Amino acid sequence: MRILAIDSSSMVATVAVVTDEILNVEYTVHHKKTHSQTLLPMIDTICKMIELDLETIDAIAVAGGPGSYTGLRIGSATAKGFGLALNKPIIHVPTMDALAYNLFSSNYIVCPIMDARREQVYTGVYRFKGTEMESIKPQCIMMIRDLIYELDKIGMPVMFLGDGIESYRSIIEETMATEHHYAPPSMNRQKASSLASLAEVYLKKGMIEKPEEHKPEYLRLSQAEWELKKKLEGKND
């Protein structure tokens with residue numbers, strides 16, 4: 001079982017290949033260049049490095065959102081392009097699930113947060129029972145203070161990870177009563193290896209889709225869509 005994993009849901013661009021639960025290669029870049037400049041060259045590089053024939057992969061895993069609108073569209077288009085060209089299925093992995101899987105088998109409540117602006121975060125709440133990850137709260141968008149309130153109600157030690165820490169750490173420190181910690185740099189951003197590992201679980205369960213069926217899950221309207229919605233609502237008043 002060989003999976004090509006692609007995640008461009010944030011500022012991080014990351015790709016990996018996992019074969020039969022062995023990580024063959026992972027390439028991660030967190031820099032100013034756009035994913036349209038980096039993603040295909042990164043995939044080309046890893047294929048050359050491990051002499052990979054893409055015809056030998058069984059599926060393509062992609063972080064399906066939420067996240068950056070542009071990043072998700074680029075990742076989705078890349079995965080669909082390879083899927084259609086190679087006639088391979090897509091494994092749609094929710095971004096928050098993949099990010100939480102960085103902390104595989106943790107004893108903490110795992111809470112990934114991505115900055116969604118205006119004190120909002122993309123998030124989800126997870127815990128591990130042995131090697132099984134359970135979703136306490138499925139991925140969603142919510143105010144950071146509302147999230148902290150819900151985590152305090154759970155009352156168990158929490159490990160945060162994701163780029164939302166940088167934006168909202170001061171609010172967390174000021175308002176959260178429950179014991180909490182922050183994942184180290186090796187774990188606190190998107191990792192295609194974690195995405196691929198979770199995708200293996202999905203693939204074994206038959207959780208796949210045809211390339212033409214795949215589309216990102218944004219969780220909210222884009223700015224342009226929001227402005228159009230307001231304009232249309234104004235016309236109907």
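Serine 193 counts as buried, with a relative accessibility of 10%; buried means under 20% relative accessible area, exposed over 50%, and partly exposed in between, with a 1.4 Å probe and protein chains only. The model is predicted, so local features need pLDDT of at least 70 and side-chain atom pairs count only at pLDDT 80 or more, while totals for chains, interfaces and linings use all residues. Residues are numbered from 1 along each chain as its sequence is written, and side-chain values use heavy atoms, with hydrogens and water left out.

Serine 193 belongs to helix α6; helices (H or I, at least four residues) and strands (E, at least two) are DSSP runs numbered from the N terminus. Apart from neighbours within four places in sequence, serine 193 is in contact with Ala16, Leu23 and Glu26, where contact means heavy atoms within 4.5 Å. With glutamate 26, serine 193 makes a polar contact from side chain to side chain, at 3.0 Å. A polar contact is a pair of N or O atoms within 3.5 Å; within protein, one must be able to donate a hydrogen and the other to accept it, and residues adjacent in sequence count only if both atoms are side-chain atoms.

Threonine 19 is placed in strand β2 (residues 12–19) and is also buried, at 14% relative accessibility. Its contacts, leaving aside neighbours within four places in sequence, are Met1, Arg2 and Asn24. The side chains of threonine 19 and arginine 2 make a polar contact of 2.9 Å. Threonine 19 and serine 197 are 178 residues apart along the chain, and their C-alpha atoms are separated by 9.8 Å.

## Salt bridges

Side chains of opposite charge can pair when their charged atoms come close. A salt bridge is taken as a side-chain nitrogen of Lys or Arg within 4 Å of a carboxyl oxygen of Asp or Glu, and by this rule there are eight. Three of them are listed here.

| Salt bridge | N to O |
|---|---|
| Aspartate 115 – arginine 117 | 3.5 Å |
| Arginine 145 – glutamate 119 | 3.4 Å |
| Lysine 129 – glutamate 134 | 3.7 Å |

Arginine 145 is partly exposed at 41% relative accessible area, and glutamate 119 is partly exposed at 31%.

Arginine 117 is exposed, at 57%. Arg127, Lys129 and Glu134 are linked in a network of salt bridges.

## The second largest pocket

The second largest pocket holds about 230 Å³ of space. On a 1 Å grid over the protein atoms alone, a pocket is an open set of points where a 1.4 Å probe fits, with protein on both sides within 12 Å along at least five of seven lines; lining residues have an atom within 4 Å of a point. Grid points are joined across faces, edges and corners, and the volume is the space filled by probe spheres set on the points.

The lining has 14 residues, and Met133, Leu198, Val201, Tyr202 and Lys205 lie nearest the centre. Both β8 (132–143) and α6 (192–204) supply at least two lining residues; β8 gives the most, with four. By class, eight of the lining residues are nonpolar, two polar and four charged. Ala, Val, Leu, Ile, Met, Phe, Trp, Tyr, Cys and Pro count as nonpolar, Asp, Glu, Lys and Arg as charged, and the others, Gly among them, as polar.
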